[in-house]
Amino acid sequence: MSDFTMVIGGDRRAAAGTFDVINPATGDVFAQAPDASKEQLDEAMSAAAKAFIDWRRDEDTRRDALRACANVMFGAGADLAPILTHEQGKPLAQANVECLGAGLWFNYFADLEVPKEVIQDDDNAYAEVVRKPMGVVAAITPWNFPLVLASWKIGPALRAGNTIVLKPSPFTPLATLKMVEKLNEVLPPGVLNVVSGGDELGKWMTSHPVPRKISFTGSVQTGKHVAASAAPDLKRVTLELGGNDPAIVLDDVNATEVAEKIFAQAFANTGQICSAIKRVYVPEAMQDEIVSVIASKAAAAKFGDGMEEGVEYGPINNKPQFERVKELVADAINKGATVATGGAAMDRPGYFFQPTVLSNVTEGVRIVDEEQFGPALPILTYRDVNEAVDRANATMFGLSGSVWSGDPERGADVASQLECGTAWVNTHLALAPHQPFGGAKSSGLGVENGTWGLYGFTELQVLHRAKR
């Protein structure tokens with residue numbers, strides 16, 4: 001795990017300084033990443049601005065380039081997945097899936113057909129709406145899915161004709177650095193640049209005069225800082241922020257089957273998914289069965305080093321998040337929550353926390369009101385479904401949610417009342433490149449994916465031609 005460099009203007013670039021990258025399965029430093037200087041960020045922005053002049057001109061060239069990027073990612077798993085597992089913690093098989101996912105997103109945007117928008121065609125004039133690229137995009141990605149979430153930004157931004165300066169999380173910079181190095185083998189110099197560093201680098205990026213668009217995925221608190229930093233230059237922003245997704249179980253389900261599915265959608269990626277199930281509302285009469293099934297699944301799950309065979313779940317990615325999960329669980333227990341399973345850190349090196357299921361907990365307890373982003377799930381009871389919906393909506397978050405019912409129509413009726421960007425029925429985490437993804441309330445601004453996500457990287461222009 002050595003020789004990690006940035007890419008600026010198509011060239012691999014070291015930095016004068018480096019910072020430690022920790023393997024969360026051990027808690028030990030295993031590699032160094034380049035720590036970009038302000039001057040190097042300026043160079044990256046200049047390279048992107050220069051590349052934009054030609055890159056914006058030919059859509060067919062851009063589509064072919066994205067298909068080439070997809071092929072790169074389809075063949076990159078052997079090189080990238082071990083790096084991703086070491087820095088992020090997820091099992092190796094899931095790291096390979098993430099590489100494939102990035103390729104799927106590139107292919108989707110390469111093949112996406114954008115309809116022509118003619119708004120007038122008569123004897124007086126011909127007018128159409130034209131979607132034009134913005135220029136340089138500053139893209140900032142999180143540590144839970146570094147590669148695939150980068151592709152959510154790279155794919156539509158490049159397809160639209162923009163160029164990019166990308167900054168990965170300082171907790172997981174390495175696989176992204178290597179990915180961009182590989183992608184630059186099939187992209188013109190300067191179209192896709194990557195710089196790595198800490199929070200200070202992020203502040204420089206969002207306040208830099210060159211970018212016309214910032215695409216950020218991360219916490220609500222940081223997203224507010226990004227929006228404030230972008231405001232003086234009126235930079236466009238897409239903010240995909242945190243979630244506290246509710247799952248509402250109706251009284252007409254097979255409790256055991258639904259509980260097993262909820263476990264899978266709550267603990268995927270060790271609970272480190274913005275749109276994972278974060279709290280569950282169940283009818284009082286079903287509480288014991290649902291808690292028992294979810295707790296049993298959690299207790300049987302195999303947590304460990306993602307490089308080991310058979311491991312299903314890795315550690316929490318970083319120490320601050322590990323400490324936060326510990327704090328939220330301890331607070332819930334102190335306030336009377338019942339621990340069905342788990343409840344404490346594992347007695348082993350690294351940032352491992354026991355998969356935890358809590359019952360007899362309600363609103364007003366931090367693990368219910370806040371986003372835990374880890375392997376701990378509170379289960380709440382309700383008596384009336386309207387009450388459950390009201391409680392589910394009584395939060396600043398609005399990313400996604402789900403309703404589970406034996407009657408899909410009934411489930412859809414309840415789901416439509418959720419105040420969130422995506423409302424699922426009898427599933428959760430059903431994400432796809434063609435489906436817009438974004439949040440209501442404090443969970444974000446704008447959307448990613450689909451035609452709507454592509455349009456988010458464009459400026460609208462009306463092209464009006466008089467006929468007489």
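## A buried loop residue

T141 has a relative accessibility of 3% and therefore counts as buried, the cut-off being under 20%. The model is predicted. T141 is placed in the loop that runs between strand 7 (136-140) and helix 5 (146-160).

Which residues is T141 in contact with, leaving aside its neighbours within four places in sequence? The contacts are P146, L149, A150 and K153, together with L166, K167, P168, S169 and T217.

## Packing of helix 2 and helix 4

Two packed helices are described by the angle between their axes and by the distance between those axes. For helix 2 (residues 59-74) and helix 4 (residues 92-111), the angle is about 165° and the axes are 8 Å apart. Angles over 145 degrees count as roughly antiparallel, so helix 2 and helix 4 are roughly antiparallel to each other. The crossing of helix 2 with helix 4 is left-handed.

On the side of helix 2, the contact is made by R63, L66, R67, C69, A70, M73 and F74. Helix 4 contributes C99, L100, A102, G103, L104, F106, N107, F109, A110 and D111. Sorted by class, the residues in the contact of helix 2 with helix 4 are 12 nonpolar, two polar and three charged.

## Aromatic pairs

A pair of aromatic rings is described by the distance of the centres and the angle of the planes. The structure holds eight aromatic pairs. One of them joins W152 and F437, with ring centres 5.7 Å apart and planes at 80°; planes over 60 degrees apart count as edge-to-face, so this pair is edge-to-face. W152 belongs to helix 5 and F437 to strand 19 (residues 437-438), and the pair links distant parts of the chain, 285 residues apart. W152 is buried, at a relative accessible area of 4%, and F437 is buried as well, at 3%.

F303 and Y313 form a stacked aromatic pair, with 5.0 Å from centre to centre and 20° between the planes. F303 and Y313 both lie in the loop between helix 10 (287-300) and helix 11 (319-334), so their pair ties together parts that are 10 residues apart in sequence.

## The aromatic cluster

Are F303 and Y313 buried or exposed? F303 counts as buried at 12% relative accessibility, and Y313 counts as buried at 12%. F303 and Y313 are also members of one aromatic cluster, which they form with F263 and F267.

Key. Residues numbered from 1 in each chain as written. Predicted model: local features only at pLDDT ≥ 70, side-chain atom pairs only at ≥ 80, totals over all residues. Heavy atoms only, no water. Axes fitted to C-alpha atoms, helices over the stretch in contact; angles between N-to-C directions. Helix = DSSP H or I, 4+ residues; strand = E, 2+ residues; numbered from the N terminus. Parallel < 35°, antiparallel > 145°, perpendicular 65-115°, else oblique. Left-handed = near helix turned anticlockwise from the far one by under 90°. Contact = heavy atoms within 4.5 Å. Nonpolar A, V, L, I, M, F, W, Y, C, P; charged D, E, K, R; others polar. Buried < 20%, exposed > 50% of the residue type's maximum accessible area, 1.4 Å probe, protein only. Phe/Tyr/Trp six-rings, centres within 6.5 Å; stacked < 30°, edge-to-face > 60°.
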